[in-house]
Number of protein chains: 2
Amino acid sequence: MVTRRPTRDDVAREAGTSSAVVSYVINHGPRPVSEQTRRKVLDAIRRTGYVPNNIAKSLANGTSDTYALLVTDLANPFLAQMTKALEHKLFSLGKTLLVGDSSDDPSRQMELLESFQRQQVSGLVWYGVDQPLPMDALETYPGTVVMLNQPEGQELSPSAGRRVRLGLDESEEARMATAHLIGHGYQKLAIIAGPRERLNSRERIRGWKRAIRESGLEPGQEIFVPYTCQGGYEAAELVDDQVEAVFASNELQAMGFLAGMAQRDKKVPDDVALAAMNGTDQSAYLIPSLTAVQLSEDEIADKIAKVLLKPDGAYQDTGDDGDDKPGGYETSVAPTNRSDAPVRTGLGTIPAAPQLVIGRSCGCSQNEV
Amino acid sequence: MVTRRPTRDDVAREAGTSSAVVSYVINHGPRPVSEQTRRKVLDAIRRTGYVPNNIAKSLANGTSDTYALLVTDLANPFLAQMTKALEHKLFSLGKTLLVGDSSDDPSRQMELLESFQRQQVSGLVWYGVDQPLPMDALETYPGTVVMLNQPEGQELSPSAGRRVRLGLDESEEARMATAHLIGHGYQKLAIIAGPRERLNSRERIRGWKRAIRESGLEPGQEIFVPYTCQGGYEAAELVDDQVEAVFASNELQAMGFLAGMAQRDKKVPDDVALAAMNGTDQSAYLIPSLTAVQLSEDEIADKIAKVLLKPDGAYQDTGDDGDDKPGGYETSVAPTNRSDAPVRTGLGTIPAAPQLVIGRSCGCSQNEV
């Protein structure tokens with residue numbers, strides 16, 4: 001029994017291999033290690049109690065293998081799936097993920113940002129409170145920052161770190177879902193929006209209004225409730241009797257609205273149709289199944305990880321994203337006549353491709369779960 | 001513009017305060033700081049670009065302000081709520097949380113454990129794959145380990161670190177929900193269990209069987225499907241026609257079962273009643289609202305945080321948990337004639353108090369959402 005702190009050599013001896021191989025296992029490279037040897041080394045690490053000191057390594061490098069994700073609500077299924085996908089992707093690259101839940105509280109959000117900075121995270125992924133964004137803090141953040149929901153009109157300036165914006169156009173997602181409802185022939189529409197003061201609530205209203213305007217319909221009813229099941233449930237009481245179709249700003253609201261309608265013995269889609277945005281795997285199991293604009297969280301996680309892990313400026317889209325659209329993100333001024341991937345001066349944009357997933361809530365009754 | 005790395009003194013000068021106050025803000029103590037001063041210091045930190053180097057601090061201490069949570073599925077609403085509650089609690093104490101999602105993969109789970117260990121987390125909270133638990137790895141884990149779902153018959157030995165078990169008796173939760181269904185007069189029962197090989201699937205079956213046996217009823221139908229919406233949806237096709245009441249092993253299965261029944265034009269609870277365990281805030285918004293055994297994630301997070309942050313042996317339940325049950329957890333042999341909080345030799349147990357939350361799925365029609 002050794003009483004001193006075990007070293008990498010102790011592990012190598014225990015595993016019957018070399019100290020270099022132990023290092024490859026610990027650092028996920030640079031050389032490959034067979035699964036059998038890897039298991040031997042991991043067993044030896046456990047037996048000896050060796051702790052490969054990443055903290056010492058971080059200090060030497062000035063960086064860490066840790067990234068941070070800041071979201072507004074970890075219990076929101078959309079954000080939970082996004083968190084899971086990002087954690088999986090980073091883990092597959094030997095990285096770990098710190099998570100923070102701001103609970104829509106700007107001061108808590110700021111403290112989390114500071115806390116991540118103290119931990120010297122190598123990058124930050126941000127899905128934050130948007131009323132308004134703490135642009136000062138973000139612009140001076142030392143590492144790469146990926147913004148998942150930067151609203152229109154909030155421009156980041158170029159700065160020391162890298163700032164990359166996910167090309168999520170929430171207004172466009174709202175427009176897509178609403179246009180689908182209008183395509184069914186519904187003329188009187190309502191929106192279950194988020195809280196009135198929220199920028200992303202306004203974004204979603206903007207897209208919903210655009211679909212209505214483009215179809216020459218009358219302006220619809222705007223219902224402001226929290227982004228929760230309870231919010232959607234309350235919206236079912238507030239919706240005007242003559243409304244034929246409702247657009248819900250997220251899946252939780254849609255879920256609550258369905259419960260509220262069922263409680264009042266109203267049928268969806270017969271009495272009122274429903275579509276939403278930010279749907280998840282759960283959408284197919286609501287009653288009726290929910291028509292919703294969805295994003296592929298795995299695809300988004302892949303793209304975020306690419307941006308986080310590539311050194312400044314080295315990233316070029318290699319065309320492996322399964323489409324032939326031009327490059328993933330760009331760090332210089334570029335022509336902006338592509339509506340699918342707005343590019344900002346000096347900033348990158350990751351394109352996102354929202355898809356309308358059809359359920360039965362909109363009236364597309366031929367579709368099964 | 002200074003080009004050297006900014007120091008705490010630079011921040012103090014910029015904020016017009018002392019270096020000590022800057023330290024209090026950064027370290028959340030030991031002295032209180034007024035909100036106004038705190039904001040000044042935080043602004044100064046941002047303006048100067050000062051990074052309080054927690055990594056250097058960790059190296060000196062051999063510990064970190066970081067804790068880790070390992071769960072089987074971050075997108076499961078029950079685990080998402082638990083994660084959120086624990087993150088909030090730790091954050092309020094100035095700590096951050098690393099999360100890992102094992103996706104029910106034992107080798108991935110092991111790699112996550114190792115990864116957390118390399119990050120020198122100060123404690124680990126574990127809701128892992130239970131087929132079987134990697135007891136070697138857990139017993140030699142250097143910090144405090146809190147086990148959230150240690151099944152019966154898997155005993156941990158005392159070791160260098162502290163091992164605390166959450167007193168979650170999943171068998172008892174299954175029994176509670178099933179006994180409620182039987183109380184309604186249903187005689188032919190089924191269980192939507194998890195995968196056959198899973199220990200926690202067997203635990204839940206055991207509790208369900210016990211309720212049936214204690215009521216003198218015939219054994220019921222066992223349906224083995226994944227712990228997902230799709231699993232529950234498939235169970236709706238597999239359930240025997242004569243079954244009067246179904247117990248679902250988790251909320252996702254219950255959700256899928258409700259969708260499957262609706263798809264087949266069967267009514268819950270009229271054609272078949274339903275109750276579940278590990279319900280969440282969403283349970284009230286299913287159609288019909290779901291009767292489910294629930295745990296208070298905030299209460300559990302409080303208890304976990306207490307155990308993680310108190311030094312060895314110093315923890316005594318101060319009776320602030322709102323009940324008069326005996327102490328929070330114990331680290332020595334104790335009489336085990338309390339059925340609500342099993343105590344293991346040399347290990348701690350945090351009591352958990354499951355509650356049956358009544359919805360309409362069981363037939364309790366007087367209850368509204």
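## Salt bridges

Over all chains of this predicted model, the count of salt bridges comes to 30; a salt bridge is a side-chain nitrogen of Lys or Arg within 4 Å of a carboxyl oxygen of Asp or Glu. One such pair joins the side chains of D65(A) and K95(A), at 3.0 Å from N to O. D65(A) lies in the loop between α4 (54-61) and β1 (66-71) of chain A, and K95(A) in the loop between α5 and β2 (96-101) of chain A, so the pair ties together parts that are 30 residues apart in sequence. Helices (H or I, at least four residues) and strands (E, at least two) are DSSP runs, numbered from the N terminus.

## Domains of chain A

Chain A is assigned domain 1 (8-52), domain 2 (66-169 + 298-312 + 347-351) and domain 3 (170-295), with bounds from an automatic or database domain assignment.

Between them, domain 2 of chain A and domain 3 of chain A bury about 1600 Å², 53% of it on carbon and sulfur atoms. Buried area is the accessible area (1.4 Å probe) that two parts lose on being put together, summed over both. On the side of domain 2 of chain A that touches domain 3 of chain A, the largest share, three residues, comes from helix α5 (residues 77-92) of chain A. Zero salt bridges are counted between domain 2 of chain A and domain 3 of chain A.

## Backbone features

The peptide bond from V268(A) to P269(A) is cis, with omega near 10 degrees, and P269(A) is placed in the loop between α11 (251-263) and β9 (273-277) of chain A. In chain B, the peptide bond from V268(B) to P269(B) is likewise cis, with omega near 10 degrees.

N278(A), although not a glycine, has a positive phi of about 55 degrees; N278(A) is in the loop between β9 and β10 (291-294) of chain A. Most residues other than glycine have a negative phi, and most peptide bonds are trans.

## Confidence and conventions

The model scores ipTM 0.76 and pTM 0.77. Chain A has a mean pLDDT of 79, and 73% of its residues reach 70 or more; pLDDT is the predictor's confidence in each residue, from 0 to 100. Over residues 312-346 of chain A, pLDDT stays under 50. Where pLDDT is low, the predicted coordinates should not be read in detail.

Residues are numbered from 1 along each chain as its sequence is written, while chains are lettered from A and ligands numbered from 1 in the order in which they are written. Local features need pLDDT of at least 70, side-chain atom pairs count only at pLDDT 80 or more, and totals for chains, interfaces and linings use all residues; side-chain values use heavy atoms, with hydrogens and water left out.

Definitions and conventions:
Contact means heavy atoms within 4.5 Å.
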